[in-house]
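The topics are grouped below the structure.

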Amino acid sequence: NGRRQSYAHPPIARMTNTYILNGSANADDVISSTESGVYVTALSLRVQGATIEGLRLPSALAGTLTAAIVWAYGARTMGRFGGAVAGLVAATTILHVHLSRQGFQNVFDGLFAIVVLAALERAWSESRRDLFILAGAALAIAQHFYASAHALPIIVLAWIALRFMLEGRRAAERWRDLAAMAFVFAVAAWPQLTLVLEHLSDWL
């Protein structure tokens with residue numbers, strides 16, 4: 001099936017010809033059998049009720065936060081004008097708007113990506129271990145969301161490798177901060193990492 005192509009066309013759900021027959025398992029059994037997951041919409045649905053608004057609220061908040069952080073990070077690295085342009089682009093691209101309003105968890109990948117990269121850059125420039133730890137935690141939590149976040153650790157490793165190439169011995173002095181970041185990542189991402197190792201072919 002097709003997806004929504006632009007504002008001029010109504011959204012079309014995928015897999016509209018898929019039917020699932022009734023089974024013997026109840027809802028609690030289905031949830032408890034899930035090996036790994038983050039129930040992001042649970043709180044929203046409890047507050048808003050089982051409504052479209054309740055389902056879409058987490059994605060809308062994630063999309064809004066993403067644009068705000070892109071603006072703030074852009075202002076820090078490129079000046080106020082650069083930050084405003086970056087935030088505007090992030091907030092108005094068709095894909096971002098689409099994911100933010102449709103209730104898809106894909107939109108969280110952008111949020112975690114900018115949190116990780118902004119925290120890591122600032123941690124590196126200001127020698128702040130708390131921000132290294134934040135970057136590690138956000139990087140780990142991202143692994144529990146959409147599959148494209150699996151590429152984020154590779155991007156982070158490439159960024160760190162580039163820093164080592166450019167700074168040499170000065171970069172090596174940050175090994176304690178990087179170790180703290182790696183430790184937090186390993187602990188927080190462990191459930192997902194074990195799942196990946198058990199089903200490596202599916203993950204790839």
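In this predicted model, helix α5 is largely enclosed by the rest of the structure, because 14 of its 20 residues are buried. Helix α5 packs against helix α3 with the axes 9 Å apart, and together α3 and α5 are part of what covers the buried residues of α4.

**Helix α5**

- Helix α5 spans residues 107–126.
- From its first C-alpha to its last, α5 reaches 29 Å, close to the 28 Å expected at 1.5 Å a residue.

**The end of α5**

- S127 follows α5 and has a positive phi, near 55°.
- Most residues other than glycine have a negative phi.
- S127 has its positive phi although it is not a glycine.
- The residue sits in the loop between α5 and α6, the latter covering residues 129–142.
- S127 has a relative accessibility of 47%, so it counts as partly exposed; the class of exposed residues starts over 50%.

**Packing of α3 and α5**

- Two packed helices are described by the angle between their axes and the distance between the axes.
- For α3 (residues 52–92) and α5, the angle is about 30° and the axes are 9 Å apart.
- The two helices α3 and α5 are therefore roughly parallel to each other, since angles under 35 degrees fall in that class.
- The crossing of α3 and α5 is left-handed.
- On the α3 side, the contact includes P58, A62, L65, I69, V70, Y73 and R76.
- On the α5 side, residues in the contact include V107, F108, L111, I114, V115, L117, E121 and R122.
- Sorted by class, the contact of α3 with α5 has 13 nonpolar, six polar and four charged residues.

**Helix α4 and H96**

- Helix α4 runs over residues 94–102 and contains H96.
- The buried residues of α4 are H96, H98, L99, S100 and Q102.
- Among the elements covering these buried residues of α4 are α3 and α5.
- H96 has 14% relative accessibility and therefore counts as buried, the cut-off being under 20%.
- Leaving aside residues up to four places away in sequence, H96 touches G63, T66, A90, A91 and V107.
- Of these, G63, T66 and V107 also take part in the contact between α3 and α5.
- H96 and N106 are ten residues apart along the chain, and their C-alpha atoms are separated by 9.4 Å.

Conventions
Residues are numbered from 1 along each chain as its sequence is written. This is a predicted model: local features need pLDDT of at least 70, side-chain atom pairs count only at pLDDT 80 or more; totals for chains, interfaces and linings use all residues. Side-chain values use heavy atoms; hydrogens and water are left out. Helices (H or I, at least four residues) and strands (E, at least two) are DSSP runs, numbered from the N terminus. The expected span of a helix is 1.5 Å times one less than its number of residues. Buried means under 20% relative accessible area, exposed over 50%, partly exposed in between (1.4 Å probe, protein chains only). Axes are lines fitted to C-alpha atoms, for helices over the stretch in contact, and angles run from 0 to 180 degrees between N-to-C directions. Angles under 35 degrees count as roughly parallel, over 145 as roughly antiparallel, 65 to 115 as roughly perpendicular and the rest as oblique. A crossing is left-handed if the near helix is turned anticlockwise from the far one by less than a right angle, and right-handed if clockwise. Contact means heavy atoms within 4.5 Å. Ala, Val, Leu, Ile, Met, Phe, Trp, Tyr, Cys and Pro count as nonpolar, Asp, Glu, Lys and Arg as charged, and the others, Gly among them, as polar.
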